[in-house]
Amino acid sequence: MKRRIEKAVVLGAGTMGSRIAAHFANAGLPCVLLDIVPPNLPPGTPAAERNKIVRAGLEAAKKSKPAAFFTSALAERVAIGNFEDDLARCAEADWIIEVVAENLEIKRKLLSRVAQYRKPGAIVTTNTSGLPVHLIAEGMSEEFQQHWAGTHFFNPPRYLKLVEVIPGPKTSPEVLETLSEFCDRRLGKGVVIAKDTPNFIANRIGTFSMLNALRLMGTLGMTVEEVDACTGPAIGQPKSATFRTADIVGIDVLVHVVKNIYESVPNDESRETYRVPVLVEEMVRRGWLGDKTGQGFYKRVKGDGEREILTLDEHTMEYRPRQKARFASIENGKTIEDTRQRLRALLGPILEGQKGDKAQQFLWGSISETCLYAARRVPEISESVVDVDRAMRWGFGWELGPFEVMDAIGVKAFAEQVRKEGRALPAAIEKLLASGRSAFYESAKGATTVFDLTSATAKVVDVPSGVLLLKSLKDAGREVERNSGASLIDLGDGVVCCEFHAKMNAIGADLISMLHKGLKRLTTDFDAMVIANDAVNFSVGANLMLVLVAAQEQEWDDIHLAVKQFQNANLALKYAPKPVVAAPQGMALGGGCEINLHATRIQAAAEAYIGLVETGVGLIPGGGGSKEMLIRANERAASGEDLDLFHALRPIFETVAMAKVGTSAEESRDLGFLRREDGVSMNRERLVADAKEVALALFRNGYKPEAANWQEGAQSTQIKVLGEQFLATAKMGIHLLVRGGYASEYDAHVARKLANILASGPLTAPQTVSEQYVLDLEREAFVSLCGEKKTQERIEHTLKTGKPLRN
C-alpha cells in the first residue's frame, strides 16, 4: 500500500519555513507551523504572546510579494504553535520538515525532541541548504533514519520548481519514492536526487558561476550593468542575471554559502574560486546586503517623485546612475529567438579563433568555466547529467543546464577551444567524445537519449507517467495539421490538441483558423479536444499591432469582421458536439482568457494568470468575454449563495472594468474566470495530460452540448439582464471613482461602455436576451472604441513600453 501524506508539521517560521507552510496550504495540505517561544517570558504568559515569533513569520508570509499563498484565505489552513507547548503535534504529522537555523547542534537537539512525539513511519526531512544531511540525524534510531532525508526547497518555494531530495545513508527507497511523488504531484515540484555533498547540486554550480562572473568582471574591467547584460536573457537566464539575483538572495546569504562550500570541499580543484571576493566582504562590512537593506549591487532611491535605480561602482564604492551596457554582439543576439542558436552566434567568433568583443570574451570565460566545473562534479554531486541540468533549470531559472549548453554550442567545438587554451577537459567530456557521440542528448522520433557516464552508453530519458510533451509528440509524427500560428496534435486515446505557437501566442487569423479545423476534426475523427501549449504563456490576447494599424487606417469593416470571426470561433468552442477543455498556463489575458471562458471545462496550471485586461488599453472584451462573465454572474445568482443578480454582477463589473488578473488559478476562480468544477494542476508538466483525462471523462460520461450548433446556441441561450437597474448604479460608481481621482475621464468612458454591455442597454425592466444580442453590443463597443484617439494612444504606448497608459 502506498504511503500517504495528509498532514505536515513545519519546524521553523522564518522566511523559508513560513513559505513552505504556505505552499503546503496551497496544495490543500493541513499544516502546523511551529517556532521558538520568545526569550525571558514570565510564567503564565498567554499563548498569544508565546506564539509571537511564529505568528510574525506567518504574517510575513501572508504579506510577502510575490505572494506566498494562492489566495489570502488559504492561510487559514496553517495552524501555529511553539516548540515548548505544541511539539506534541508532531504526532499528527505524516511529514515533519525542519527549517530552523543553519546550525548543526540546534537542528540535532530539536530533532531529538521531535523523535519523542513522532509516530512510527512518519517522514522527517531537513531543508538545510548546506549542512551534511547524514550528520543532522546521526545517532537517531534505525527506524528514524530509514524515514529521514534532505528536502531542499528553493526560495520562494511557491515559484521555484526545484526540490533536491538528498537520501541519508539509511533512507528507505519507499520514503524517497513517497517524497518524490508528493513533491511532484501535490506540490508541483521538479525533483532531483542529489548526493549528500556540500550545497548539493544547484547551489554548488550556481554559486561557482556567480563567483566566476565576479572574477571575470575584474579581469575584463567590466561594470555591474555590463555583466548583467551578458548573464540574463541574452544566454537564456533570468532577467535578474548575476547581481540583481545576488541582491534578491541577500549578499550575506551568498557569503554564508560561499564560506560553507570553501570549508567543506578541500579536494575541489576549484576551491580557491570559493574565497569570498574582497568586494563582497566590503559590502557585508558596510551592511549593503541587497534588497533586505535597500542597497547591494543596486540601490533604489526616490528622485523627483519617481523611483530611480542606482548602480554600485566597485572602484569608488559609491552609487551612480545606471549606465546602459552596449555590446554589438548582445544587441545582434536579441534578433535570434532560439536560445541555442543565439549561444552559437554569440560564441561563434571565439570558437573560430577570433578575439570577439568584450561581451563575447566574458561569455566564453563564464560559460566554458561553468560547464567544465559541472562536468567535473559528475558523479560527485549526482550520477545523472539529466538531474544536473534539471537542477539548474528548475532552481536557478536557466533555460539550459550546463550539459545542454555544451550540446547547443557543439561539444566537439567546445572541447577543441578548451584544449587550444591549454585547459584540461574533464573525464565526462573525454568519455563522451571517445564514445563516438557528438552530444550528451540526442533526440529522434519523439524519444530522447542521454549519454550515461557510468556505463558510457546511451540511455532513454524517461518521461514520467502522466506527462505529455507536445514537442515529443510532434517529433514522433503526431502533428496532423499546422500553420504559422497553431497546430493540431493527436494526443492519443481519441483526443486532439490545438496548440498555439505564434509569438506570445497572440490571437490572429491563423489561430482562429486552426481552432475551426480542430473542431471539424473533432466532429469526424476524435472524441474530445484540448487547447494547450508548452509556451511560457497560454496567450496574451489579440495582436494589438494589427488592431492599431487597422484603426489608424480606419478599416472599420475589417475590425468588425475580425471581431465577429473571433466571437464565432468562441461560440463554436462553446457549442462543440464533443467536450473541449482549455489548459491555460502563465498569462491567459484578453482574448486568451475569452477562449478559456468558452471551453466546456478549464484545467488550469496553478500558476495561471487569467484576466480580461482590455480596459487597460481603452477597449472592452470583444470576443464574448463580457457576455461569458455576465452568464457567470447569472449562475452565481442562481446557485443559492444568497446573492441576487445585481449583487452578483457588481464584482464582475469591477473585475473587468479594472482589468483585474488572477495571480494564481485559485484567485482566478475567486474573480469568476474559473467555475467551481474547473480543475487545477499543481505541476505544469502534467497539465496537458490532466486536461486530456478531464476531456475523456466528460466524453465517457455522455457529454451533450446545450445546443445543436453555435448558431442555434447564440440565439436560443437566454441571459437575464437588468438594464437601467444596473446601469444607473454602475454609472454612479464610475462617477465617484473619477471624483476620487481613482479613474480618468477616459477610464470612465470605457467603463460606461462596459456597463452598457453587462446591463444590455438602458432597458426599463429586467428581462432575458440572447447571447447574440450581447455579442452584438460587445462588437459595436469594441469597434467604436478602436476609433477613439485616446484608445489608439493607449495601444501604442502599451506596444512600446509594455505598460498601460492612463490618459
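Predicted model: local features only at pLDDT ≥ 70, side-chain atom pairs only at ≥ 80, totals over all residues.

Trainee: What is the secondary structure made of?

Mentor: Here you get 33 helices and 25 strands. The radius of gyration is 28 Å, close to the 28 Å from the globule rule for 807 residues, so the protein is as compact as a globular protein of that length. Along the principal axes, the C-alpha atoms fill a box of roughly 80 × 75 × 60 Å.

Trainee: What about contacts between residues at least 6 apart in sequence: what share of them join residues at least 24 apart?

Mentor: That share is 70%.

Trainee: How should I think about the inside?

Mentor: In soluble globular proteins, nonpolar side chains tend to be buried together. In this model the largest nonpolar core has 112 residues, and Leu11, Phe297, Phe403 and Ile429 have the most contacts inside it. Helix α15 (residues 358-376) gives the most to this core, with 10 residues. There's also a second, separate core of 82 residues, and Val563, Ile620, Met629 and Leu649 are among its members.

Trainee: Which residues does Phe403 touch, leaving out those up to four places away in sequence?

Mentor: Counted that way, its contacts include Ala374, Ala375, Val378 and Phe440. Pro379 lies in the loop between α15 and α16 (385-396).

Trainee: Where else is there a cis peptide bond?

Mentor: Look at Asn155 and Pro156, which are joined by one with omega of about 0°. Pro156 sits in the loop between β6 (148-153) and β7 (162-167).

Trainee: Is Asn596 buried or exposed?

Mentor: Buried means under 20% relative accessible area. Asn596 has 1% relative accessibility, so it counts as buried. Its place is in helix α24 (residues 591-598). Setting aside residues up to four places away in sequence, Asn596 touches Phe538, Ala582, Ala583, Pro584, Ala588 and Ile602.

Trainee: And what is the phi of Asn40?

Mentor: Asn40 has a positive phi of about 65°, although it is not a glycine. You'll find Asn40 in the loop between β2 (31-35) and α2 (47-50), and at 79% relative accessibility it counts as exposed. Gln554 also isn't a glycine, and its phi is positive at about 55°. Gln554 lies in the loop between α22 (544-552) and α23 (556-574), and its 54% relative accessibility makes it exposed.

Conventions:
Residues numbered from 1 in each chain as written. Heavy atoms only, no water. Helix = DSSP H or I, 4+ residues; strand = E, 2+ residues; numbered from the N terminus. Buried < 20%, exposed > 50% of the residue type's maximum accessible area, 1.4 Å probe, protein only. Contact = heavy atoms within 4.5 Å. Core = buried A, V, L, I, M, F, W, Y, C linked by side-chain atoms within 4.5 Å. Rg over C-alpha atoms; globule rule 2.2 N^0.38 Å.
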